[in-house]
Amino acid sequence: MTSSRELLARKCHHTETALSDADASSYLSAVPGWESTGKRISKTYKFKNYYETLAFMNAIAYVIHAEDHHPEITLTYNQCVIKFDTHSVNNGAGGLSENDFICAAKVDAIYQQSFS
């Protein structure tokens with residue numbers, strides 16, 4: 001089983017191969033609090049106020065840009081919902097790849113270091 005620490009040490013790479021359901025489930029266990037819909041993983045982060053929510057958004061912006069793996073983000077006054085999937089897998093139909101879990105672990109690390 002892959003750990004969060006192992007995911008943090010990895011870099012995203014271009015892929016066209018989706019994870020199997022078993023592999024996705026294994027990766028999901030390494031990123032507590034993330035939920036899977038089958039083709040996407042998501043997590044809601046809560047904050048004290050709008051300033052903290054924006055600060056989190058700015059903090060993760062660099063990481064997701066550096067990994068070149070961009071999530072869908074919904075930002076409101078005191079929460080931020082992050083959704084990852086990989087558009088290039090399953091012949092362009094989308095799904096989950098290791099990249100989604102690498103970025104989920106990195107976003108979690110930023111939240112835990114600065115906002116929890």
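This is a predicted model: local features need pLDDT of at least 70, side-chain atom pairs count only at pLDDT 80 or more; totals for chains, interfaces and linings use all residues.
The largest nonpolar core comprises 27 residues, of which Leu 7, Trp 34, Tyr 45, Phe 56, Ile 82 and Phe 84 touch the most other members. At least two residues of this core are supplied by each of helix H2 (21-28), strand S2 (41-46), helix H3 (50-67), strand S4 (79-84) and H4, and the largest share, 8 residues, comes from H4. The surroundings of one of these members, Ile 82, can be described in detail: when residues up to four places away in sequence are not counted, Ile 82 touches Trp 34, Ile 41, Ser 42, Lys 43, Tyr 45, Phe 56, Ile 60, Pro 71, Glu 72 and Ile 73.

Phe 47 is placed in the loop between S2 and H3, and it is buried, since its relative accessible area of 7% falls under the 20% cut-off. With residues up to four places away in sequence again left out, the contacts of Phe 47 are Glu 52, Thr 53, Phe 56, Asn 78, Gln 79, Cys 80, Tyr 111 and Phe 115. Between Phe 47 and Trp 34, which are 13 residues apart in sequence, the C-alpha to C-alpha distance is 17 Å.

The largest pocket has a volume of about 180 Å³. It is lined by 13 residues, and those closest to its centre are His 13, His 14, Asp 68, His 69 and Asn 99. By residue class, the lining of this pocket consists of 9 polar, 3 charged and 1 nonpolar residues.

Backbone geometry was also examined. Most residues other than glycine have a negative phi. Asp 68 is found in the loop between H3 and strand S3 (72-75), and its relative accessible area of 58% makes it exposed. A positive phi of about 55° is likewise found at Asn 90, which is not a glycine. Asn 90 belongs to the loop between S4 and H4, and at 38% relative accessibility it counts as partly exposed.

Note on methods: Residues are numbered from 1 along each chain as its sequence is written. Side-chain values use heavy atoms; hydrogens and water are left out. On a 1 Å grid over the protein atoms alone, a cavity is a set of points where a 1.4 Å probe fits but cannot get out, and a pocket is an open set with protein on both sides within 12 Å along at least five of seven lines; lining residues have an atom within 4 Å of a point. Grid points are joined across faces, edges and corners, and a volume is the space filled by probe spheres set on the points. Ala, Val, Leu, Ile, Met, Phe, Trp, Tyr, Cys and Pro count as nonpolar, Asp, Glu, Lys and Arg as charged, and the others, Gly among them, as polar. A nonpolar core is a set of buried Ala, Val, Leu, Ile, Met, Phe, Trp, Tyr and Cys residues joined through side-chain atoms within 4.5 Å. Buried means under 20% relative accessible area, exposed over 50%, partly exposed in between (1.4 Å probe, protein chains only). Helices (H or I, at least four residues) and strands (E, at least two) are DSSP runs, numbered from the N terminus. Contact means heavy atoms within 4.5 Å.
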